[in-house]
Amino acid sequence: MALSGMRGLSVFISDVRNCQNKEQERVRVDKELANIRTRFKNQRGLTPYEKKKYVWKMLYIYMLGYDVDFGHMETVALISAPKYAEKQVGYIVTSCLLNENHDFLRLVINTVRNDIIGRNETFQCLALTMVGNVGGREFSESLAPDVQKLLVSNTCRPLVRKKAALCLLRLYRKNPDVVNVEGWSQQMVQLLDERDLGVLTAVMSLLVALVASNPDGYWSCLPKCVHILERLTRNQDILQEYTYYGIPSPWLQVKTMRVLQYFPVVEDPNVRRGLFDVLQRILVGTDVVKNVNKNNASHAVLFEAIALVMHLDADKEMMSQCVALLGKFVAVREPNIRYLGLENMTRMLLVADVNESIKKHQAHIISSLKDPDISIRRRSLDLLYGMCDISNAKDIVEELLQYLTTADFGIREELALKAAILAEKFAPNLAWYVEVILQLIEKAGDFVSDDIWYRVVQFVTNNDDLQAFAAAKARDYLDKPAVHETMVKVAGYLLGEYSHLLARRPGCSPKEVFHIIHDKFPTVTTPTKALLLSAYVKILMHSQPPDQELQAQVDEVFKRCESFIDAEVQQRAVEYIILSHKGPSMVDIMAEMPKFPERQSALIKRAEDAEGEPTEMSATKLRQRQNSMALVVADPGSANGGLPPPSEQLALPEPPPPAPEPAAPAAPAAPQSAYANGTNKAPAPASTNGDLLGDLLAPLALEAPPISTPSPLTQSADPGEPLALALYDQQNQIKPIGSIEDWFRALSLKDSGVLYEDPYIQIGIKSEWREAQAKMVLFLGNKHTVPLVNIRVLILPAPHLKMQFSRVPDTIPPRAQVQVPVEVTCLSASRETAVLDFSYTISTLPVNVKLRLPTLMNKIFQAAPVSASDFVAHWRAIAGPPTKLQEVVRGVRPMPVSDMGDLFNSLHIGVAPGLDPNVNNIVAATTFFSQAGATLCLVRVETDPSDRTQMRLTVASQDPNVTYEVKEFIKEQVIDIPFARTPAPTPSPAVMGLTGPAAVLAGLI
Amino acid sequence: MPVAASAVYFLNLRGDVLINRMYRDDVGGNMVDAFRTNIMQSKELGTCPVRQIGGCSFLYMRISNVYIVIVVSSNANAACAFKFVVEAVALFKSYFGGAFDEDAIRNNFVLIYELLDEIMDFGYPQNLSPEILKLYITQEGVGSPFSSKPQDIRTPANATLQVTGAVGWRREGLVYKKNEVFLDIVESVNLLMSQKGTTLQCDVTGKILMKCFLSGMPDLKLGLNDKIGLEKEAEAKARPSRSGKTIELDDVTFHQCVNLTRFNTEKTVSFVPPDGEFELMKYRITDGINLPFRVLPSIKELGRTRMEVNVKVKSVFGARMFALGVVVKVPVPKHTAKANFQVTSGRAKYNAALDCLVWKVRKFPGQTELTMSAEVELISTMEEKKSWTRPPIQMEFQVPMFTASGLRVRFLKVWEKSGYNTVEWVRYITKAGSYEIRC
């Protein structure tokens, strides 16, 4: 920089530097700015030298952080100056002061272009640097061809071509259209033949960006890249200036390998062999040395190589070689290297088959857990979590538990969660799991979330042979001097439920158990107190023969809590005190909790939510895929006591004891296990409202009316009841609670809810549509205290639907729920629905209902976002009937256009707002799926603002049938009271013929 | 008594600590670093005197080239803290005999530490009166050679009596050859006027400063032409008050020497004055203010790069009086390049650091009208419509022997046992506070 010639500038800079404080500096800068303004104002006297000097000063002031918003004209004018020094200032200041959206830039495009296509190399470099720094769409549109020409020209010096490559990269990032794939891929291949490493590095940067967006287009570059790598690793023909600590251009190596990772797997065996040779060489040749810089460079290359190895799915030998190398890194003392080793090992877990080789380094990894550096500890925790499987789970979890006591507070919660998940996933047997979790609660009570202990309770409840063991353990833990509140909760719950199983053991009589628990009562929080009250009443109920003394003590506790400040505790106390005097009938109410339906572990879900880093996420996901069945994977042959066979253990809800045959026969096993491995949501409808266990902890209440008084209602065919399709048996005296019509209507927009409910049974439905297929589960819940018999479930499918469901047990025990999974496939478009014919007998009173299933068309729709141009193109492509139908619909429910748009959206017909210029029109699009494939449907509605009861509806799609059905479906939805008692004025039966369940029902009417 | 400070720091403008004194251990020693990095380096310096960082409150004030920072971690009384700083600075000034700045602090480290020990205990402010402290902290400040004055050395005979006695502010047995009293009435006018010349906000804050060189224990009585005093007098004399102007004083505060019971019952200001200089009373007036200057601005923007400024200033006080040091600051946009002036009197120029046209008139006679007109050229900027907020025109001046409120001293009576004669001197001066005219 030719500062030496500019005295004024250096004086100004030294003035500013000599300022004592910020204020003085500001005064000095303001003065200078005023001076520059004055000088720029009377332009006539300004020599090029002065102009240059003042522009430099402006840049300096700008760099100090002051606003400079004038003088751009002068700056831009300098660019066209003939002298280098002036041009340089012009370019530098322009690229600093102006951004890409600035209007002034338009003024310079021509000058810049002249410089680029000119002969003067230094000017070319200046121009390319400025264009690269500023970027911008306008530059890229007008200058890209010239920059490309420079890049491929043979006459330019490497210096210029290097800059041209980087400049093009920047322009490409701003505007990908500047490079068209067809023409440019061949150019890139030629550019990769370049001998000069500098140009090659710049070109490789460009290639990384190009390949990232379109790997297929640059396929031909792949062999060249491999060749370059070969050249580099063999150290052939590399100039001294491009070697860095003896490594031939590590930057180029890394970039080349990065490019290779964008291509899918290499097919050509020769290329592949060559590439593996290279990688082998890198893996063998890298080691940890003294020099930090050399280490950095060689490790950067190595880690990129490892990433490439993973990408290429190399053979096992190479993988284990990588792992061995990383193992060496993990053992090094240097924290940076260690961190990188651990991190990359975690990444390696993504690739199968390396688990075994990683396990060899388990000791080192565990010792990293005690490293003073927290980031290393975190990495090793992640790694341990990822590498854990059945074989080493015991060691790792124990190690984590041990570490928990000394760990940082910041990491403890994560640690506790991870330990709990691992214990759950890989438990060799459940007793060990319970033991681990209890230990966990003891050691890190504060960091154990509720989910963890809920899970323990679920397992213990679902496994009969675990109950005594768990209760005994819980009792032992309560004996310890300082007990965490979470422990009190678990122990209170477990002892309340199962302490009677221990009654024979010394020190476990109901009275003693009560005293142990009650010792903790004063110190715990209110929710726990409520829980403990439930435990007391259960202990009391289990004490056989009734123990008067215990009864008196418990009563006293309840009495005291009757006026407790918290309403929940108070209510429980009041209820329990009355219940506890009910005598034997209490046993029914206070019976053991029923088994929990199987569901995805809340912990794993939480861990998924908590995962931030994408790599980690995928690692966890992968793990889950591998070990889908959580505890079921446990070896059934192992010495885990008298566990039931694993298939029965948890994956399926166990049949309730009185049922004569298994509730869930073989057929639904597949979807059931799908629930277990976390691809589906918990099936139980109760789980929709919060936590199941939480619900069960609440006091029980009776809701079904006694059987002796069947509601003496007369005929179900009440004319006032808007029942179009659901009919009752003539003998049926049992009326539904609520309107079947309303339920159906609600379900036509929702995926789950109640389909039918009467005093004895509740039928819930939950469906999940994925394109043309659906998984639907019917929940038949007996609300009553008497079993429902002669259950018969028939589904009359519509002709366009294929439905499969499993057999249903013909008895539902009291207060039990049976799930009936149904698989639905849509074959073609139709607005008819399937019908469920359901009947049962309650104490010789037969009941039969026919219910429409919500298999409506809109469930299969998927709102399709379309742009204006797409829409118009599709719309035009579809000519007229039968693929494009139009109808004027009358008798429309009057509603504003916006409401109608909402209605469409709720039917999954995606409204495209603003596409139609007329505000009274709605334009929407949706995709209809059937087995044949997806069909895009376009809908246009024109409403009349003066008469809201009519509208013109136009529907277009490729398939005439779909068009017709969609049109009719929309009509049904918008016409006034579509579900009216009087049959809606739909011409469908006449047109389509009387087929399917609708016809059956019509016959019944 | 509220806490005022946990620690006091004196910093120079660069942020170096000149003095630090911790009074409580509830703030860390590194708090000053937080002040330096988060307040001094930030742009908000000077906009907000109280900032909270990391659980501590920083109350700071800049006095010449020194920042005085008070750090508290509790909910301290901010007003008390600032008053403490102001009083402490006044104390230091009276010790150093002149300026309070970085050099003065560097020259008087030991004295300042000794004073800081005395004037605050465990964060609670103590006696800050220079008269009394000077009796006991006799260490002399290193004053600048010009202002040093011989000080008589007194014996610290009855320290407790001085602090606890009935007349704690005056020693007995003072003797002066010539008994003199100087009375200064200093008023500052705050004004905000709209473009059209209507007064939006106007008040006068005044104070009466006194300098006594009186022997013995004199009892003084001051009479002003304020409303309360005159009415009382009229009542006593059973005759209607004179038709002359009476002034209504608001928010009057007195020096501790004024006998408040007598003020409440007899509505007279009577007191035994401390020796030397002190502020007898402060007041505020909101009604019936005589503005000394009228300003008629006209600023026209001619296109994007030119402006025409025309300011007419008219003095409305008596023709025989004159104002001194009149400065009119007319704000102009930031991108001003050049200004050409025409003035009837004084000098005008463009000040880039203030973004103002500054017009100075050294002596401005009463009942005259002066004008300044300027053509301002602006440079074109990038942002096309960067709106200019047009800040108000500011004015500075001093008008001797004029009170904007019209307050006059009617009498000052001195009564002493020995019955000597005294000479009384009264001066008036009106200054500009924030005298702003919108344009």
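This is a predicted model: local features need pLDDT of at least 70, side-chain atom pairs count only at pLDDT 80 or more; totals for chains, interfaces and linings use all residues.
Two strands pair if DSSP finds at least two bridges between them.

In chain B, strand β3 (residues 50–53) and strand β4 (residues 56–63) run antiparallel and are joined by four bridges. One of the residues involved is V50(B), whose bridge partner in β4(B) is L59(B). The hairpin of β3(B) and β4(B) has two residues between the strands, and G54(B) takes a positive phi near 55° there.

Strand β4(B) also has a partner in strand β5 (residues 66–72) of chain B; seven bridges join these two strands, which again run antiparallel. Across this pairing, S57(B) stands opposite V72(B) in β5(B). The hairpin of β4(B) and β5(B) likewise has two residues between the strands, and here S64(B) takes a positive phi near 45°. Strand β4(B) is mostly covered, since six of its eight residues are buried. In a regular strand the side chains alternate between the two faces of the sheet.

Attention now turns to chain A. This chain has 1005 residues, of which 53% are buried, and it contains 43 helices and 16 strands. Among its contacts between residues at least 6 apart in sequence, 67% join residues at least 24 apart.

Are the two partners buried or exposed? R26(A) counts as partly exposed because its relative accessibility is 37%, whereas D30(A) counts as buried because its value is 6%; the limit for a buried residue is under 20% relative accessible area.

Other salt bridges link separate helices. The side chains of E32(A) and K57(A) meet in a salt bridge of 2.9 Å, N to O. This pair links distant parts of the chain, with E32(A) in helix α2 and K57(A) in helix α3 (residues 48–64) of chain A, 25 residues apart. Both E32(A) and K57(A) are buried.

D115(A) and K87(A) form a further salt bridge, in which the closest N and O atoms are 2.9 Å apart. D115(A) lies in helix α6 (residues 104–117) and K87(A) in helix α5 (residues 84–97) of chain A, so the pair ties together parts that are 28 residues apart in sequence. D115(A) is buried, with a relative accessible area of 9%, and K87(A) counts as buried at 3% relative accessibility. Salt bridges that share partners also join D15(A), R28(A), E32(A) and K57(A) into one network.

It remains to consider where the two chains meet. The contact takes 20 residues from chain A and 20 residues from chain B. The area buried between the chains is about 1,600 Å², and carbon and sulfur atoms give 53% of this area. In chain A, R37(A), K41(A) and D69(A) lose the most area to chain B, together 40% of what that side buries.

The rule finds one salt bridge across this interface, in which the side chains of E23(A) and R62(B) meet at 2.6 Å, N to O. Six residue pairs are in polar contact across the interface. Helix α2 (residues 22–41) of chain A supplies ten residues, the largest share of the side of chain A that touches chain B. The residues of that side divide into seven nonpolar, six polar and seven charged.

Technical notes:
Residues are numbered from 1 along each chain as its sequence is written. Chains are lettered from A and ligands numbered from 1 in the order in which they are written. Side-chain values use heavy atoms; hydrogens and water are left out. Contact means heavy atoms within 4.5 Å. Buried area is the accessible area (1.4 Å probe) that two parts lose on being put together, summed over both. A salt bridge is a side-chain nitrogen of Lys or Arg within 4 Å of a carboxyl oxygen of Asp or Glu. A polar contact is a pair of N or O atoms within 3.5 Å; within protein, one must be able to donate a hydrogen and the other to accept it, and residues adjacent in sequence count only if both atoms are side-chain atoms. Ala, Val, Leu, Ile, Met, Phe, Trp, Tyr, Cys and Pro count as nonpolar, Asp, Glu, Lys and Arg as charged, and the others, Gly among them, as polar. Buried means under 20% relative accessible area, exposed over 50%, partly exposed in between (1.4 Å probe, protein chains only).
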